[in-house]
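Colleague: I am new to this model and would like a close look at one part. Please walk me through the sheet and what surrounds it.

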Amino acid sequence: MPPPHARGYVPGMIRTLLALLAIFIAQPAFANDQTALDRALDDALATFERALPKLSSEEFGVDVAAYRDALSLQQFRSSYWGGEIGLDIEMREGATGSCRQFAAFVRIPPENGAVKLVLCPQFFSPGADALRELTVLHEMVHVVAGRDECQAMAFAAKVQMAATGAFTPVDAYWKASGCAGSRYTLP
Ligand SMILES: [Zn+2]
């Protein structure tokens, strides 16, 4: 028989255990997301640096120096937006708002000197390393040069092609975005 004062003790302990468990479950997921993001940024930068010798100072209207700074320093001087712009990366846990539709998106124009890049749950899908790298290469075009989808696809494909001799096919999205009639081209 437990002493009377022990009543209520067990449920309290279960609550504590559940709270601890929630922390243990949440922690590795967040750490994995951070690792996946760091790798995607590193991979995208490595690909971009390999491509750099073959790029002009401006490609498809993208300021290549600003793009490089945005990718490597998350800070860039922009003649497009005007002035010094920071990049603020947010990892969103829920598929809410634009995350219902996209793996990642940017908030432009900049607010208070910063562009926000929101990474959605879909971005962190297991095994999507190559897609994450391409997403970073693509979104970074929006960060420095605005919202044109055809421009972002064309620039990312050019970087991949210059770095590796191949690029990720984007035919369906290229068509859906009406890029065939645009001034941008795929390699
Ligand atoms: Zn885009």
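Colleague: Which residue stands opposite glutamate 84 in β4?

Modeller: Arginine 77 stands opposite glutamate 84. First, some ground rules. This is a predicted model, where local features need pLDDT of at least 70, side-chain atom pairs count only at pLDDT 80 or more, and totals for chains, interfaces and linings use all residues. Residues are numbered from 1 along each chain as its sequence is written, and side-chain values use heavy atoms, with hydrogens and water left out.

Now the sheet. It is open and has four strands, in the order β3-β4-β6-β5, with mixed pairing. Strands are DSSP runs of E with at least two residues, helices are runs of H or I with at least four, and both are numbered from the N terminus. Two strands pair if DSSP finds at least two bridges between them. β3 (75-77) and β5 (104-111) are the edge strands, and each pairs on one side only. On average, neighbouring strands are turned by 20° against each other, direction ignored. β3 and β4 (residues 84-91) run antiparallel and are joined by three bridges.

Two helices pack on this sheet. Contact here means heavy atoms within 4.5 Å. Axes are lines fitted to C-alpha atoms, for helices over the stretch in contact, and angles run from 0 to 180 degrees between N-to-C directions. α2 touches β3 and β4, and its direction makes about 165° with that of β3. α3 touches β3, β4, β5 and β6 (114-119), and its direction makes about 20° with that of β5.

Strand β5 holds proline 109. The peptide bond from isoleucine 108 to proline 109 is cis, with omega near 0°. Asparagine 112 sits in the loop between β5 and β6. Asparagine 112 has a positive phi of about 50° although it is not a glycine. Most residues other than glycine have a negative phi, and most peptide bonds are trans. Asparagine 112 has a relative accessible area of 84% and is exposed. Exposed means over 50% relative accessible area, buried under 20%, and partly exposed in between (1.4 Å probe, protein chains only).

The zinc ion is coordinated by His138 (NE2), His142 (NE2), Glu149 (OE) and Glu149 (OE), at 2.0 to 2.4 Å. Histidine 138 lies in helix α3 (residues 129-145) and glutamate 149 in helix α4 (residues 149-164), so the pair ties together parts 11 residues apart in sequence. Donors are N, O and S atoms within 2.8 Å of the metal (3.2 Å for Na, K and Ca); water is not among the atoms, so sites may look incomplete. Histidine 138 is buried at 11% relative accessibility, while glutamate 149 is partly exposed at 23%.

Rings of Phe, Tyr and Trp (its six-membered ring) pair if their centres lie within 6.5 Å; planes under 30 degrees apart count as stacked, over 60 as edge-to-face and the rest as tilted. The rings of phenylalanine 48 and tyrosine 67 have centres 5.1 Å apart and planes at 45°, so this pair is tilted. Phenylalanine 48 is in helix α1 (residues 9-51) and tyrosine 67 in helix α2 (residues 64-73), 19 residues apart. Both phenylalanine 48 and tyrosine 67 are buried. Phe48, Tyr67 and Phe155 form one aromatic cluster.
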